[in-house]
Amino acid sequence: MDGGEVAWLVVAGAFLMLVLVLAVPILRLRKTIDAATNAINDLNDRTAPILANANTTIEGVNVALSQVHTSLDGVNVQLAKIDTMTGHAQNVTANVANLATVVSAAAANPLVKVAAFGYGVRRAAAARRHADDEREVRATLKQQRRAAKRAAAR
């Protein structure tokens with residue numbers, strides 16, 4: 001054996017030692033990788049039903065949202081109809097107010113005249129009754145005086 005062969009033997013021995021030293025961590029790493037693989041497989045088995053349930057729930061929510069959207073469209077249509085009716089009611093109210101103003105203006109002057117005439121008639125009737133009452137009182141007083149004079153003259 002010459003020096004080169006001995007060197008190759010030393011290199012081969014060192015490589016063998018290196019392989020033996022690295023074999024232990026590699027075997028331990030293999031166990032860790034197997035455990036991680038099993039955990040990932042278990043997680044996949046457990047998450048599939050959860051994701052399916054979440055998918056079903058989301059589909060139900062989407063159906064409910066589409067129904068709400070349809071209901072809101074119906075409400076918006078009804079609100080548009082109510083807006084139209086409110087506009088018509090506003091027009092009718094404005095027309096009634098204008099008509100009331102016209103009737104009030106047209107009837108105000110004659111009503112004032114009728115009221116003044118009625119007041120005048122009542123006042124004249126009251127004055128006439130008062131005059132009749134005074135005439136009766138005067139006539140009664142005259143009769144009493146005449147009766148008193150006749151009684152004194154006798």
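By salt bridge I mean a side-chain nitrogen of Lys or Arg within 4 Å of a carboxyl oxygen of Asp or Glu. This is a predicted model, so local features need pLDDT of at least 70 and side-chain atom pairs count only at pLDDT 80 or more, while totals for chains, interfaces and linings use all residues. Residues are numbered from 1 along each chain as its sequence is written, and side-chain values use heavy atoms, with hydrogens and water left out.

Back to that pair. Arg138 and Glu134 both lie in helix H1, four residues apart, which is about one turn of the helix. Helices here are DSSP runs of H or I with at least four residues, strands are runs of E with at least two, and both are numbered from the N terminus. Arg138 counts as exposed, at 54% relative accessibility, and Glu134 as partly exposed, at 34%. The cut-offs are under 20% relative accessible area for buried, over 50% for exposed, and partly exposed in between, with a 1.4 Å probe and protein chains only.

How many salt bridges does the structure hold? There are four. Another one joins Asp132 and Arg135, with the closest N and O atoms 3.2 Å apart. Those two are three residues apart in helix H1, so about one helical turn separates them. Asp132 is partly exposed at 29% relative accessibility, and Arg135 is exposed at 54%.

Because they are four residues apart in helix H1, Arg30 and Asp34 are separated by about one helical turn. Arg30 is exposed, at 52%, and Asp34 is partly exposed, at 37%.

Now the whole chain. The protein chain has one helix and zero strands. Its radius of gyration is 61 Å, well over the 15 Å that the globule rule gives for 154 residues, so the chain is more spread out than a compact globule. That radius is taken over C-alpha atoms, and the rule is 2.2 Å times the number of residues to the power 0.38. Along its principal axes, the C-alpha trace spans about 205 × 40 × 35 Å.

What share of the 154 residues counts as buried? The figure is 0%. The accessible surface of the chain comes to about 13,700 Å², and 67% of that belongs to carbon and sulfur atoms. Areas come from the Shrake-Rupley method with a 1.4 Å probe; for residues, only the protein chains shown count as cover.

For a sense of the layout, take Gly120, placed in helix H1, residues 3–153. Gly120 and Thr70 are 50 residues apart in sequence and 72 Å apart in space, C-alpha to C-alpha. Gly120 is partly exposed, at 35% relative accessibility.

Last, a surface feature. Phe15, Leu18, Val19, Leu22 and Ile26 form a nonpolar patch with about 480 Å² of accessible area together. Patch residues have over 30% relative accessible area and no salt bridge; like charges are joined within 9 Å, and nonpolar side chains (Val, Leu, Ile, Met, Phe, Trp, Tyr) within 5 Å. Phe15 is in helix H1 and is exposed, with a relative accessible area of 54%.
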